[in-house]
Amino acid sequence: MTKDKLYIMVIVILILGNSLHFRKSITIHESEVDPYEGLLYDFVGEILTNNMQLQWLGEGVAINEKLILENEDSEMISLKEILEYDKKLIFRFSDMACNECIDAQMNMLKNHSASFNENDIILIASGNKRNLLIKKNEFQLPFMIYFIEYEGLHFELERMNTPYYFVIDRNIIADLVFVPAKEIPLPTINYFNMLKDRFDNTLLK
């Protein structure tokens, strides 16, 4: 396991641990604390656990090097061509995901865009091209967006209809897969902060 993968796991485990710690405290002092707080911490713990399980559905999966994508100008290009010179952070989503889930990640990308070069990150989307382009422009994202069919990457995580991130290079192996949660932004912020340290100009080391 690489240091980066271990780092992501530690982030999630620490947050989950804090959730369980507070839940225990609430149980002990439940007469002093609003019982709805206990439900909140249970909810947070469940989300983090489920997302960690989802991440392993994509980690290390090989993607078809002949995969063809459509760019914003309706030109067809292979994934291998896009990755010819450097690694990329991919934001993968479709219009089948909840609108709030997509918006939360678009906003996250916007907030962190200054820390990356425009060609460090690409969006791979499925769904109504016109509507997805409008959404990208609404958040003023400087990154390129490409389009493929639903479940076009052909691995199990694709069937979950949830936005996710991963890093990929010319070997076309999904690495550092991360499933964000709109309700809990801190792990996603930490994920981006970890990746910032790995970027040097246009190359992810």
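I looked up Arg-159 and found its side chain in a salt bridge with Glu-156, 3.9 Å from N to O. I count a salt bridge when a side-chain nitrogen of Lys or Arg lies within 4 Å of a carboxyl oxygen of Asp or Glu. Glu-156 is partly exposed, at 37% relative accessibility. My cut-offs: buried is under 20% relative accessible area, exposed is over 50%, partly exposed is in between (1.4 Å probe, protein chains only).

A note on the source. This is a predicted model; local features need pLDDT of at least 70, side-chain atom pairs count only at pLDDT 80 or more, and totals for chains, interfaces and linings use all residues. Residues are numbered from 1 along each chain as its sequence is written, and side-chain values use heavy atoms, with hydrogens and water left out.

Next I checked Lys-182. Its side chain meets that of Glu-183 in a salt bridge, at 2.9 Å from N to O. Lys-182 is partly exposed at 38%. Glu-183 is partly exposed too, at 40%.

Then I turned to Lys-87. It forms a salt bridge with Asp-169, with the closest N and O atoms 3.8 Å apart. This pair links distant parts of the chain, 82 residues apart. Lys-87 sits in the loop between helix H3 (79-82) and strand E3 (88-94). Asp-169 sits in the loop between strand E6 (164-168) and strand E7 (175-178). I take helices (H or I, at least four residues) and strands (E, at least two) as DSSP runs, numbered from the N terminus. Lys-87 is partly exposed, with a relative accessible area of 26%. Asp-169, at 19%, counts as buried. I get 8 salt bridges by this rule.

Last entry: strand E4 (residues 121-126). How many of its residues are buried? I find 6 of the 6, so the strand is largely enclosed by the rest of the structure. Both faces are covered. Ile-121, Leu-123 and Ala-125 are on one side, with Ile-122, Ile-124 and Ser-126 on the other.

I also traced the pairing of E4 (two strands pair if DSSP finds at least two bridges between them). E3 and E4 run parallel, joined by 6 bridges. Leu-89 has Ile-121 in E4 as its bridge partner. E4 also pairs with strand E5 (residues 144-147), in the parallel sense, over 4 bridges. Here Leu-123 stands opposite Ile-145. From E4 the chain crosses through helix H5 (residues 129-138) to E5, in a right-handed β-α-β crossover. Right-handed means that, with the strands pointing away from the viewer, the path from the first strand over the helix to the second runs clockwise. E3, helix H4 (residues 99-112) and E4 also make a right-handed β-α-β unit.
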